[in-house]
Amino acid sequence: MQQVAALPFVPRDGGFEILLVTSRRDGRWIVPKGWPEKGEALHESAAREAREEAGAYGDVCNQPVGAYTYSKTMSAGYRVSSHVHVYPLLVRDCRDDWPERDARKRRWAGLTEAAALVGDRGLANLLAGLAEDDGAALRDACRALDPQGVAAAAPATLTR
């Protein structure tokens, strides 16, 4: 099975912060993820998940920063292996009202902290790898999505 995830981020204090959300089932920290919809580009599906699950709006890269695999429990109780492509989303706005607000909590965390918080080993490894190279892939995404460097001047206005 293939899923997509958004990695909502902002540049802050020379590094990056990631927006995490809780899973609906057990409250583990994760990134917004879900199933791509027919006719929707994978990166746009990831951006939609960020809006629905975290109220995060911004610019999404069309290339993933990585991928991971996990065992997903389906509603009927059986498990499937799901491969998740993770697309960076430079957050421009974080709204206080979003579709899954009553089902999820959200929080900002630095890359290293986020890697320690998330409840999925594959996602934790991906985040730890980003932290180890000082967020190089996110710096590349920033340059591609925000060539004028506007985002670096305003992230403090986002809700923490």
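This is a predicted model: local features need pLDDT of at least 70, side-chain atom pairs count only at pLDDT 80 or more; totals for chains, interfaces and linings use all residues.
## Bridges across the chain

Glu53 pairs with Arg104 in a salt bridge, with the closest N and O atoms 3.4 Å apart. Glu53 sits in helix α1, and Arg104 lies in the loop between β7 and β8. The two are 51 residues apart. Glu53 is buried, at 5% relative accessible area. Arg104 is buried too, at 9%.

Asp146 and Arg92 form a salt bridge at 3.8 Å, N to O. Asp146 is in the segment after α4 and Arg92 is in strand β7, so this pair ties together parts that are 54 residues apart in sequence. Asp146 is buried at 11%, whereas Arg92 is partly exposed at 35%.

## A bridge between Arg95 and Asp93

The side chains of Arg95 and Asp93 meet at 2.9 Å, N to O. Arg95 is partly exposed, with a relative accessible area of 38%. Asp93 is partly exposed as well, at 31%.

## The largest pocket

The largest pocket has a volume of about 550 Å³. Its lining holds 21 residues. Nearest the centre are Ser23, Arg25, Lys33, Tyr70 and Lys72. Strand β6 gives the largest share of the lining, 4 residues. The lining divides into 13 charged, 5 polar and 3 nonpolar residues.

## Around Ala115

Ala115 belongs to helix α2, residues 111-117. Ala115 is buried, at 15% relative accessible area. Beyond its sequence neighbours up to four places away, Ala115 touches Ala124, Leu127 and Ala128. The C-alpha atoms of Ala115 and Ala131 are 8.4 Å apart.

Methods
Residues are numbered from 1 along each chain as its sequence is written. Side-chain values use heavy atoms; hydrogens and water are left out. Buried means under 20% relative accessible area, exposed over 50%, partly exposed in between (1.4 Å probe, protein chains only). Contact means heavy atoms within 4.5 Å. On a 1 Å grid over the protein atoms alone, a cavity is a set of points where a 1.4 Å probe fits but cannot get out, and a pocket is an open set with protein on both sides within 12 Å along at least five of seven lines; lining residues have an atom within 4 Å of a point. Grid points are joined across faces, edges and corners, and a volume is the space filled by probe spheres set on the points. Ala, Val, Leu, Ile, Met, Phe, Trp, Tyr, Cys and Pro count as nonpolar, Asp, Glu, Lys and Arg as charged, and the others, Gly among them, as polar. A salt bridge is a side-chain nitrogen of Lys or Arg within 4 Å of a carboxyl oxygen of Asp or Glu.
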